[in-house]
Amino acid sequence: MARLPTQLQPRPQAPRVLGGALGRRLSTLVLRDALQTYGVGMSLALLPLVYLYREWPPWEIRDALHGLPPSSRALLMAAAHALYGVATAPVVRQLLASERLRWWWALPLSARWWRALHLRHLVLLDAPWLLAIAYGVLPLAATAGPVHTIASGLAFAMLTLFGQIAMVSVSDRPPRWALLGLLTWALAVAAAVLVPGLVGAGLGALLLAVMVRRLGQPMPEVGARVRGRTGGPPVVALARLGWLAARRHDGMALVWGAATQLAAITLAGLAIAHVGHEDPEAAAALRRGLAVVCATIGAALVLRAVRILHGDRPVLDTWGIEAHHERSARLLLAAVGGLPALFVGSIALAGLGPVGQTWPLDLLLATAWAATHTVRLTFSLDARRRLHEPQLLRQLLWMAAALILTEVAGTPLALLPWAAFEAWRMPATQRRADHARRRFEAAVRDDHRS
Amino acid sequence: MTLVQTHDLAVRRGGVTILDHVSLHLSPGLYALAGANGAGKSTLLRALAGVLPVAAGTIAIDGHDLWREPVAARRRLGYLPESPELFPYLTARELLRTANAVRGVDPRAGEERFARWVRPAALDLRIGTLSAGQRRKLALVAAISHEPPVLLLDEPANTLDAAALTDLRALLTTWRDEGRAVVVATHRPEALGLPLDGRLVVHERRVRVS
């Protein structure tokens with residue numbers, strides 16, 4: 001480096017100290033990014049766990065697992081790891097391979113530094129899962145001894161990290177590679193259940209070592225080739241655009257949204273089955289509440305899609321979109337978010353007698369409210385330049401208000417005046433959003449010229 | 001003296017081979033990297049900068065293997081991506097100082113240039129509030145602030161205003177005379193107004209040097 005006369009001379013420094021400070025700073029940025037992107041989805045997905053805890057406490061699950069024959073236990077453990085892998089894949093991808101992180105790869109940081117950073121992020125993300133593993137293997141200490149117990153726990157922990165890194169490292173390959181990675185992970189977990197603890201730990205260590213080595217290089221970009229239908233009438237085309245954006249940019253959030261609706265239906269269905277015959281009024285109240293919850297979760301799809309498409313807003317604005325087309329497209333998208341609840345709820349609740357048969361109507365009314373409310377919210381947030389701020393608490397509060405209104409009136413029809421009010425205010429809010437956007441973009445252009 | 005050397009480089013993206021059997025020996029000078037849209041110009045620069053994994057081959061920057069000696073190699077290069085993705089929560093000053101600290105150079109390097117290209121107050125603005133052009137200027141300043149022997153610029157003229165472009169042109173010409181290697185990906189090399197020493201053309205997964 002001394003060959004070039006004007007080059008700045010490197011200053012002596014303590015690399016470990018700098019690396020630690022930089023690591024902390026970068027960790028904060030990466031975790032903040034992940035939380036902002038997936039925080040709402042994670043919170044919604046974790047909510048049903050609170051109820052699951054009451055129905056099936058962890059000690060009961062653990063005892064049931066240890067009471068199973070080894071082959072069944074291996075199958076269940078493999079399935080649980082694979083499910084966890086699929087559920088956490090988008091967050092892991094964000095932690096290991098976000099485009100914002102890619103810029104930092106051009107800086108002189110060692111492979112070891114990158115490995116340590118990535119492993120720290122993964123361990124932070126997986127902390128509850130790793131604690132669950134530790135809790136799950138504890139009873140082995142009494143029967144197989146402490147060495148076997150520790151080795152088994154380490155095996156599952158190492159295989160978890162291996163599987164997550166493996167899934168990201170093949171993300172630019174065709175989907176069959178991801179499937180292969182998932183199968184390898186599940187098979188290794190099944191093997192770790194069946195073989196002695198030390199052998200399982202050896203297998204986990206070997207596989208993890210290969211993947212940790214891979215962490216010393218940047219992860220690949222996501223595969224770009226996908227197929228999707230486009231076109232149609234303006235409203236359908238715009239709604240489809242939002243759907244494609246949400247599905248491709250944030251597919252796991254959609255899966256979480258649908259899974260939360262299904263979990264809510266399962267839990268409410270169980271409760272209705274328990275109280276339905278004795279107290280039909282309480283069962284009907286549960287059904288109405290369930291409709292409001294599912295509609296709110298479903299309508300959140302439109303907020304997510306609008307946020308993702310916001311970066312392309314200047315381009316969309318040049319297409320000359322009719323204001324009423326845009327409103328209709330957003331309403332359509334919000335309604336589409338409730339389809340999983342409509343299909344599954346219609347089937348699952350129909351078997352519960354008369355109390356379950358009005359589910360589609362309840363959901364339709366609740367969706368009318370949730371869709372108009374959420375779509376107006378998207379315009380309102382855009383008008384106040386707050387589209388990207390978290391709205392979970394606010395949405396939960398509005399949902400609680402809708403629940404109270406529905407229960408006080410004894411019917412979701414009570415939501416219709418609210419929905420009509422939202423629909424009446426929507427065009428004015430949309431005009432405010434358009435006006436604010438034009439003003440902001442003009443300011444940015446002027447700023448750039450200066 | 002060879003500043004950038006690749007041997008049998010292959011890069012795949014999304015299961016498609018973008019570059020194959022690319023062997024380059026770049027001595028000091030100014031090079032234009034040309035090619036049709038989607039030919040692989042940006043991919044080549046990303047691979048040379050070490051932000052994209054390569055499928056095969058080796059890359060050496062100023063004699064240091066990019067993957068075996070990543071710290072030494074990356075200390076000697078600066079890279080401007082075509083669309084810089086930067087964490088929006090940092091301020092421009094924080095980004096520059098962090099990059100400079102990692103590279104072990106004066107923490108304030110580049111601040112004066114950014115203040116001149118944008119405005120002094122912009123140094124303490126969050127990156128998320130900067131315009132696209134200002135973010136690109138920031139990424140460009142971060143790429144050159146440590147005055148590296150090897151500079152890889154992806155479409156640097158995009159969104160730069162006339163004053164910044166004139167400044168950059170003068171800087172690159174000086175650096176060429178000092179013996180650095182500068183590779184500039186562009187569709188219109190002549191529009192840059194730079195005294196080019198060579199041209200790299202990406203075509204059909206190969207790179208031809210002229």
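This is a predicted model: local features need pLDDT of at least 70, side-chain atom pairs count only at pLDDT 80 or more; totals for chains, interfaces and linings use all residues.
In chain A, the secondary structure comes to 18 helices and 0 strands, and buried residues make up 37% of its 450 residues. If one takes the contacts in chain A with a sequence separation of 6 or more, 84% of them are accounted for by residues 24 or more positions apart.

A tryptophan elsewhere in chain A has another setting. A:W59 is found in helix α2 of chain A, which runs over residues 58-67, and it is classed as exposed because 10 other C-beta atoms lie within 10 Å, where the cut-off for an exposed residue is 12 or fewer. Between A:W59 and A:G289 there are 230 residues of separation in sequence, while in space their C-alpha atoms are 30 Å apart.

Chain B, by its secondary structure, has 6 helices and 10 strands. Its C-alpha trace spans about 45 × 35 × 35 Å along the principal axes, and its radius of gyration of 16 Å agrees with the value near 17 Å that a compact globule of 210 residues would have. Of the 210 residues in chain B, 51% are buried, and among its contacts between residues at least 6 apart in sequence, 69% join residues at least 24 apart.

Within chain B, helix α3 (residues 92-103) and helix α5 (residues 132-144) have axes that come within 10 Å of each other and cross at roughly 20 degrees. Since angles under 35 degrees count as roughly parallel, α3(B) is therefore roughly parallel to α5(B), and the crossing of the two helices is right-handed. The residues that meet across this pair are B:A92, B:L95, B:L96 and B:A99 on the side of α3(B), and B:L138, B:V141 and B:A142 on the side of α5(B).

Methods. Residues are numbered from 1 along each chain as its sequence is written. Chains are lettered from A and ligands numbered from 1 in the order in which they are written. Helices (H or I, at least four residues) and strands (E, at least two) are DSSP runs, numbered from the N terminus. The radius of gyration is taken over C-alpha atoms; the globule rule is 2.2 Å times the number of residues to the power 0.38. A residue is buried if 20 or more other C-beta atoms lie within 10 Å of its own, exposed if 12 or fewer, and partly exposed in between; C-beta atoms are placed from the backbone. Two residues are in contact if their C-beta atoms, placed from the backbone, lie within 7 Å. Axes are lines fitted to C-alpha atoms, for helices over the stretch in contact, and angles run from 0 to 180 degrees between N-to-C directions. Angles under 35 degrees count as roughly parallel, over 145 as roughly antiparallel, 65 to 115 as roughly perpendicular and the rest as oblique. A crossing is left-handed if the near helix is turned anticlockwise from the far one by less than a right angle, and right-handed if clockwise.
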